[in-house]
Protein chains: 2
Amino acid sequence: MDNGTASRRVVIVGSGFGGLFAAKALKRARVEVILVSRTTHHLFQPLLYQVATGILSEGEIAPATREVLRGQHNARVLLGDVIGLDLATRTVTSDLLGETTITPYDYLIVAAGATQDYFGNRHFVDHAPGMKTIEDALELRSCIFGAFELAEAATDPAEIDRLLTFVVIGAGPTGVEMAGQISELARRTLPGVYRNIDPRAAHVVLLDAAPTVLASFGNKLSGKTARHLRKIGVELRLCARVVDVDATGVEVEDLQGRRRIPSLCKIWAAGVAASPLGAQLAAQSGAKVDRAGRVQVQADLTLPGYPRVFVVGDMVSFPGLPGVAQVAIQGGRYAANQIARDCAGLPTGQPFRYHDKGNMATVSRSYAVASIGPLRIAGFGAWLLWLVVHLIYLVGFKNRFTTLVDWAVAFIGRGRSERTVITQHVLSRNAARPRRNTHDDSPTASRQHAPTPKR
Amino acid sequence: MDNGTASRRVVIVGSGFGGLFAAKALKRARVEVILVSRTTHHLFQPLLYQVATGILSEGEIAPATREVLRGQHNARVLLGDVIGLDLATRTVTSDLLGETTITPYDYLIVAAGATQDYFGNRHFVDHAPGMKTIEDALELRSCIFGAFELAEAATDPAEIDRLLTFVVIGAGPTGVEMAGQISELARRTLPGVYRNIDPRAAHVVLLDAAPTVLASFGNKLSGKTARHLRKIGVELRLCARVVDVDATGVEVEDLQGRRRIPSLCKIWAAGVAASPLGAQLAAQSGAKVDRAGRVQVQADLTLPGYPRVFVVGDMVSFPGLPGVAQVAIQGGRYAANQIARDCAGLPTGQPFRYHDKGNMATVSRSYAVASIGPLRIAGFGAWLLWLVVHLIYLVGFKNRFTTLVDWAVAFIGRGRSERTVITQHVLSRNAARPRRNTHDDSPTASRQHAPTPKR
């Protein structure tokens, strides 16, 4: 370690946008940085839906955190799940495969982000994975492509219908992007590869309890997005509350009453809940947490009474801060800068100001919406902008390059190269009862009661 | 289906080299082709070790079979695990998630390949995955990169040693390539990213019961390979028999007696056993099977007494045919051609002739060995040759392109972009007992008996 001279230690919890950018911003500060993370990679979450839908490989959006910080000699990564923050003893307790590590800190930046919120319906998670981790995306990938495979093999029209019905719950950016991509997949990528089914018959349903999609983008863009989604064949079910989710479908309640949507592949993109570490900080500092478990911090993102403990990103409840990457990035950099100033004996405490660089979401290939300051743009221009911005922010040159190639293939062409189906994933989702049928010359096979061979 | 006029149906079992190339070779034949496969992808197995070691993404070596056959309208893919071949009723029985399909055939091409052979020690598979499927490769990827992560976090020198010891069992091409790649990873890719460990301290052990590596390549290349492996830091343990494999290590017996090698990450690249379908065919046709379960076929690759049933690739026991991709490709094409001729009323039965295009294996970046006819080359030239040949054979232009980029990054540079660690995979392998330690200023942390917080 060539930072033996470093007098103070900054411990950062989380390798997401907030944590990683905080660590990078401390590169020149005379401190020792320890980034504690439960994953070995930084996740470029805004593109997770492209991993789930077969456009990008996991490596392209999840560079190894150590690789990103390779050259930053005052920083080290500690792999582990943070299970305890102690403001009194100023220590972070993390667990790695049952092994506990206690790390003392001088400054603490908590950027543990948020997880999917199932609003108390924990069993939903078994049937409708969220969109928060690489594991989620890979499971969804197998489930989505697997659904078409099972439909191709199925003979019962009702079952084929169920297999080709994809239900996306939550019409925020993630939900809209997922719904749009699955529809693209069914309408552009897959037609021609199957012999028994027409993938265009796939049914993509986008559900939300709210009356609009992309509410945060304002009425104008929200309306345009809804129109475009319908145009590309996505069925919108707004003001619809999900009552239950099980292996075979989704139970929905809307103005027309209670209805069941049979579906194999369900995606949960509804609420988010801040990391439980937020509650820990609140309990020890007396800070308030909102309903999503986000901590109410001071104007300088510190915990009340703890000027050396910062909370950034999705864990923060702060007037006018949306749960987007930019908030985490700017918050992380701000906290790092405050710490650097404090170590250098410079005055600190200037309130954090979020510079809203705008907000964008892709609805489909060549159609995106962007709200930048007073600007509200929708369509191809917004999509090009989206393309450029995301390429610039992708961490690591190589990823950027192959990503460009993958995008060219998916957007100019219609291929999707990352569609490996892991059978276990499909098995874990599917609830098909054993049936028998013979596969004869007719496209849809007629049954025959052949004895099922023992395995 | 626009092949309603097709009078005869060819059923192909397996989407590997044999099956896929047979299907493609039937493109112009007036037959209906049904390819039955348990995976949705064709697997470019010769590069599987690069997925395991983080160079390539799974999509790059596993294109969707349907995509490859997209334009071939006389072919369809039936997803399913073939559980029965009935030569009397001329039917193939396959199972998909408990659903049985019976497919009648006029011609049958069995190309179900081989699986890893644990020589009766089934429990080895839990601790030393093979190198046969995408799932194997992804699990090994997590295990290999996860081992370095756990070592960085560990404090007990003996445990660090165990975590950094990689044991590859079997010194054939796959074993040699894996050992070489792990060594490259430790010596070129990872140095600089860790703070507590030096990845160069990693210990790669290549075991084989035979006295030589790459025996099939002849003494000259075998010797050169052994020397180069030692040069890049691989420890060779030849004439060594694996007695036992468990979670914490490998038990080996060699001339020095019985020895234990503590290791987290073990890779099984020893024997292969033909698909059990071979035994089924033998039982019904009276054909002989060899010890590896491969079927002894006629000179025209047909089953004795069944001129319309072909067996190709790794399932075939045929004088002078090694278990390589070329044998499967040429066998598949030959069988397709025989069938096409038969359908066209042309004479068949010309014996199959294998055109040995040579054999190659990469030992490390810029070092490969190739045996082509009388030629025996080793080194950079052979490696360039390997590069070109594999690029040409990679199915699908796009894969070929990003693969080239990934190779440029890995071979010219030293990056590896596909190293996502799936935590469950590491958890499933690791057998670390709970320990506690504190993480203080010293690189290797001293213990402290802090109570382990409840989770």
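1. Basis. Local features in this predicted model need pLDDT of at least 70 and side-chain atom pairs count only at pLDDT 80 or more, while totals for chains, interfaces and linings use all residues. Residues are numbered from 1 along each chain as its sequence is written, chains are lettered from A in the order in which they are written, and side-chain values use heavy atoms, with hydrogens and water left out.

2. Domains of chain A. Chain A is divided into domain 1 (3-38 + 80-116 + 273-355) and domain 2 (122-270 + 365-432); the bounds come from an automatic or database domain assignment. The C-alpha centres of the two domains of chain A are 33 Å apart. Five residues from domain 1 of chain A and seven from domain 2 of chain A make the contact (heavy atoms within 4.5 Å).

3. Cys265(A). This residue belongs to strand β15 (residues 265-268) of chain A; strands are DSSP runs of E with at least two residues, and helices are runs of H or I with at least four, numbered from the N terminus. Cys265(A) is buried, at a relative accessible area of 0% (buried means under 20%, with a 1.4 Å probe and protein chains only). Leaving out residues up to four places away in sequence, Cys265(A) touches Cys143(A), Ile144(A), Thr165(A), Phe166(A) and Val167(A). Pro351(A) is 86 residues from Cys265(A) in sequence and 45 Å from it in space, C-alpha to C-alpha.

4. Nonpolar cores. A core here is a set of buried Ala, Val, Leu, Ile, Met, Phe, Trp, Tyr and Cys residues joined through side-chain atoms within 4.5 Å. The largest has 80 residues, and Phe148(B), Leu206(B) and Trp386(B) have the most contacts inside it. Helix α6 (residues 134-153) of chain B gives this core its largest share, 11 residues. Domain 1 and domain 2 of chain B each supply at least three residues to this core. A second, separate core of 79 residues includes Ile61(A), Ala137(A), Leu236(A) and Ile267(A).

5. Phe148(B). Apart from neighbours within four places in sequence, Phe148(B) has contacts that include Leu164(B), Phe166(B), Tyr194(B) and Pro199(B).

6. Helix pair in chain B. The axes of α1 (residues 17-25) and α11 (residues 325-343) of chain B come within 7 Å and cross at roughly 35°; axes are lines fitted to C-alpha atoms over the stretch in contact, with angles from 0 to 180 degrees between N-to-C directions. The crossing of α1(B) and α11(B) is right-handed (the near helix is turned clockwise from the far one by less than a right angle). Among the contact residues are Phe17(B) and Phe21(B) of α1(B) and Ile329(B) and Arg333(B) of α11(B).

Methods: Buried < 20%, exposed > 50% of the residue type's maximum accessible area, 1.4 Å probe, protein only.
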